[in-house]
Amino acid sequence: MSIVARHMSRIKASPAAVISARAMEMARAGRDVIALSAGEPDFDTPDHVKRAAVRAIGEGKTKYPPLTGIPELREAICRKLERENGLRYAPDQVLVCNGGKQVIYNALTASLDPGQEVVIPAPFWVSYPDMVLLAGADPVVVPTDPENGFRLQPAQLEAAITAKTRWLILNNPCNPSGAVYSARDIEGIAAVLRRHPHVWVLADDIYEHIIYNGEPFSTMAQVAPDLHERTLTMNGLSKAYCMTGWRIGYGAGPKELIAAMAKIQSQTTSGASSISQWAGVEALDGDQSFIEDNVAAFRERRDLGVSLLNRAAGLSCRSPNGAFYLYVDCRETVGKRTPGGDTIGTDADFARYLLDSEEVAVVHGEAFGLSPYFRVSYALATERLRVACMRIQRACAALSG
Ligand SMILES: Cc1ncc(COP(=O)(O)O)c(C=O)c1O
């Protein structure tokens, strides 16, 4: 009999992590792989943030931190939420976790019973459905339309809600589509939620700062203050602060939910690293000017990627307003033959073909719940991105039929 629990058969390993690991393995074997698969900025953590961590080590701030997060960081998070989002939370409404990922895991595990449902617009961040499944509940995937810029429409949400719905997960800007919801878009969604008081919103704002259209960022609790009491505002330092390895994320929401999430944390991780938390205080309170510089660099890469990929035979992609991904339509490659004689049947086949033939790693759309697409992360050096896009063009040109 297998040692692995039956409920594990409901979930899979994160496809982006699997593909990135395979790309790394190929690179270690000496191959010139270009990974467009990783969801992390190539920029280094800012020096002033690193120095804060070194200081914390020197000062012996290396013991177990309070399990909900050090007060200094929770206070810095409250200041940030008020300053940037106009949201008022008290420190006891804030939980610091090991990355945004654990905020979401704790929230879903603390709130879901078997048989309940979570509405997830597709394409989605790969971990949402599996975390819902791990909690014993059921993801309800709602495909969005490229014609609507991959944004969930109010009527689609209305149609997806049942008596069993517990959460809507709204990721803005969206990984992988780069879609950005305006205040008006969010108001449209709030209007539906007002008719369904049993449904909560998990606002995943982790790409908040990476927006290109000049529009101010909006989040549910700010746009619809009347829904504040059933919103979990989630954010973290991984993306905007280039701190993926530090593992700091946070959730802010009603006390009852935060306390339940903290209970899980108390019996699992005991919270996030004390050193990373001190670095987090500096990240939120310190100089923010590097963010603008990084976003300007991302914008340039986005424009380069969009223009080169739209010149590849059989591919088309929109210019997204946020995050650092392109969600590329590859439907015209389906049915074509590779030089090796294989037929491209799915976006997964296309991604495999790119990796095998041109050593470019991308993540297939099926992993994000909407095919036939693939996701390109353009968070890498511009010249590498250019070479990768040229290789993709070459791979597309080599297809026949
Ligand atoms: C949409 C989204 N939410 C949450 C996360 C979690 O980030 P972390 O756990 O690094 O804070 C990610 C990371 O890729 C993401 O893309």
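**Overall architecture and the setting of helix 3**

In the protein chain, the mean positions of the 42 positive and 45 negative charges lie 3 Å apart. The structure described here is a predicted model. Its protein chain exposes about 16,600 Å², of which 53% is supplied by carbon and sulfur atoms. Of the 401 residues in the chain, 55% are buried.

The secondary structure of the protein chain amounts to 13 helices and twelve strands. The radius of gyration is 21 Å, close to the 21 Å given by the globule rule for 401 residues, so the chain is as compact as a globular protein of that length. Along the principal axes, the C-alpha atoms occupy a box of roughly 60 × 55 × 55 Å. Contacts within the protein chain were also considered by separation in sequence: among those between residues at least 6 apart, 74% join residues at least 24 apart.

Helix 3 was examined individually. This helix comprises 15 residues, spanning positions 71-85. From its first C-alpha to its last, helix 3 reaches 20 Å, close to the 21 Å expected at 1.5 Å a residue. Its buried residues are L73, R74, A76, I77, C78, K80, L81 and N85. The cover over these buried residues includes both helices and strands: helix 8 (220-223) and helix 10 (274-285) contribute, as do strand 2 (94-98), strand 7 (231-236) and strand 8 (248-252). N85, one of the buried residues, is also the residue at which helix 3 ends. The helix is followed by G86, which has a positive phi, near 65°.

Notes: Residues are numbered from 1 along each chain as its sequence is written. This is a predicted model: local features need pLDDT of at least 70, side-chain atom pairs count only at pLDDT 80 or more; totals for chains, interfaces and linings use all residues. Side-chain values use heavy atoms; hydrogens and water are left out. Helices (H or I, at least four residues) and strands (E, at least two) are DSSP runs, numbered from the N terminus. The expected span of a helix is 1.5 Å times one less than its number of residues. Buried means under 20% relative accessible area, exposed over 50%, partly exposed in between (1.4 Å probe, protein chains only). Contact means heavy atoms within 4.5 Å. The radius of gyration is taken over C-alpha atoms; the globule rule is 2.2 Å times the number of residues to the power 0.38. Accessible areas come from the Shrake-Rupley method with a 1.4 Å probe; for residues, only the protein chains shown count as cover. Lys and Arg count as positive and Asp and Glu as negative; His and the chain ends are not counted. The place of a charge is taken as NZ of Lys, CZ of Arg, CG of Asp or CD of Glu.
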